[in-house]
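Please go through the model below and work out the answers from its geometry.

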Amino acid sequence: MTNAAQNIQAQLGVTTDITLIHPVTLGDGTRLEKLTVRALTIGDVRSAAHVSNDILRELHILARLTGLVPEDLDLLHFADYQQLQEMFRS
């Protein structure tokens with residue numbers, strides 16, 4: 001997670017942890033066993049306004065909320081992505 005993402009999480013004070021059913025290894029060699037997801041902001045929604053495809057828009061927003069890049073989210077097992085979606089949509 002980037003320092004900027006950590007700073008935003010600290011400012012908002014609201015995060016949720018999702019323990020991955022199927023941990024993954026990111027491109028930089030980091031083993032990802034849980035996702036820390038921060039609260040959605042208007043800035044997150046605005047940043048995705050230019051994305052016309054619903055799936056890509058969701059990936060863009062979820063990447064911002066987790067501090068990952070969309071390519072990292074591509075590595076997630078579908079069951080773990082569903083956990084992330086459920087948290088996001090609730």
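Q: Which backbone oxygen does the side chain of Thr 66 reach at 3.3 Å?
A: This is a predicted model, in which local features need pLDDT of at least 70 and side-chain atom pairs count only at pLDDT 80 or more, while totals for chains, interfaces and linings use all residues. Residues are numbered from 1 along each chain as its sequence is written, and side-chain values use heavy atoms, with hydrogens and water left out. A polar contact is a pair of N or O atoms within 3.5 Å; within protein, one must be able to donate a hydrogen and the other to accept it, and residues adjacent in sequence count only if both atoms are side-chain atoms. At 3.3 Å from the side chain of Thr 66 lies the backbone oxygen of Ala 63.

Q: Is Thr 66 buried or exposed?
A: Buried means under 20% relative accessible area, exposed over 50%, and partly exposed in between (1.4 Å probe, protein chains only). Thr 66 has 3% relative accessibility, so it counts as buried.

Q: What distance separates the end C-alpha atoms of helix 3?
A: The expected span of a helix is 1.5 Å times one less than its number of residues. Helix 3 (residues 54–66) has 13 residues and should therefore span 18 Å. The distance between its end C-alpha atoms agrees with this, at 18 Å.

Q: Which residue just after helix 3 takes a positive phi?
A: At the start of helix 3, a side-chain oxygen of Asn 53 comes to within 2.8 Å of the backbone nitrogen of Ile 55. Just after the helix, a positive phi of about 80° is taken by Gly 67.

Q: How are helix 3 and helix 5 oriented to each other?
A: Axes are lines fitted to C-alpha atoms, for helices over the stretch in contact, and angles run from 0 to 180 degrees between N-to-C directions. The axes of helix 3 and helix 5 (residues 78–89) come within 12 Å and cross at roughly 85°. Angles under 35 degrees count as roughly parallel, over 145 as roughly antiparallel, 65 to 115 as roughly perpendicular and the rest as oblique. The two helices are therefore roughly perpendicular.

Q: Which residues of helix 5 make the contact with helix 3?
A: Contact means heavy atoms within 4.5 Å. Helix 3 contributes Glu 58, Leu 59, Ile 61, Leu 62, Leu 65 and Thr 66. From helix 5 come Tyr 81, Leu 84, Gln 85, Phe 88 and Arg 89.

Q: What is the C-alpha separation of Val 24 and Leu 75?
A: Val 24 sits in strand 1 (residues 15–25) and is buried, with a relative accessible area of 10%. Leaving aside neighbours within four places in sequence, its contacts include Leu 75 and Leu 76. Val 24 and Leu 75 are 51 residues apart along the chain, and their C-alpha atoms are separated by 6.8 Å.

Q: Which residue's side chain makes a polar contact with the side chain of Thr 36?
A: Thr 36 is part of strand 2 (residues 31–38). Its relative accessibility is 17%, so Thr 36 counts as buried. At 2.8 Å, the side-chain partner of Thr 36 is Asp 17.

Conventions
Helix = DSSP H or I, 4+ residues; strand = E, 2+ residues; numbered from the N terminus.
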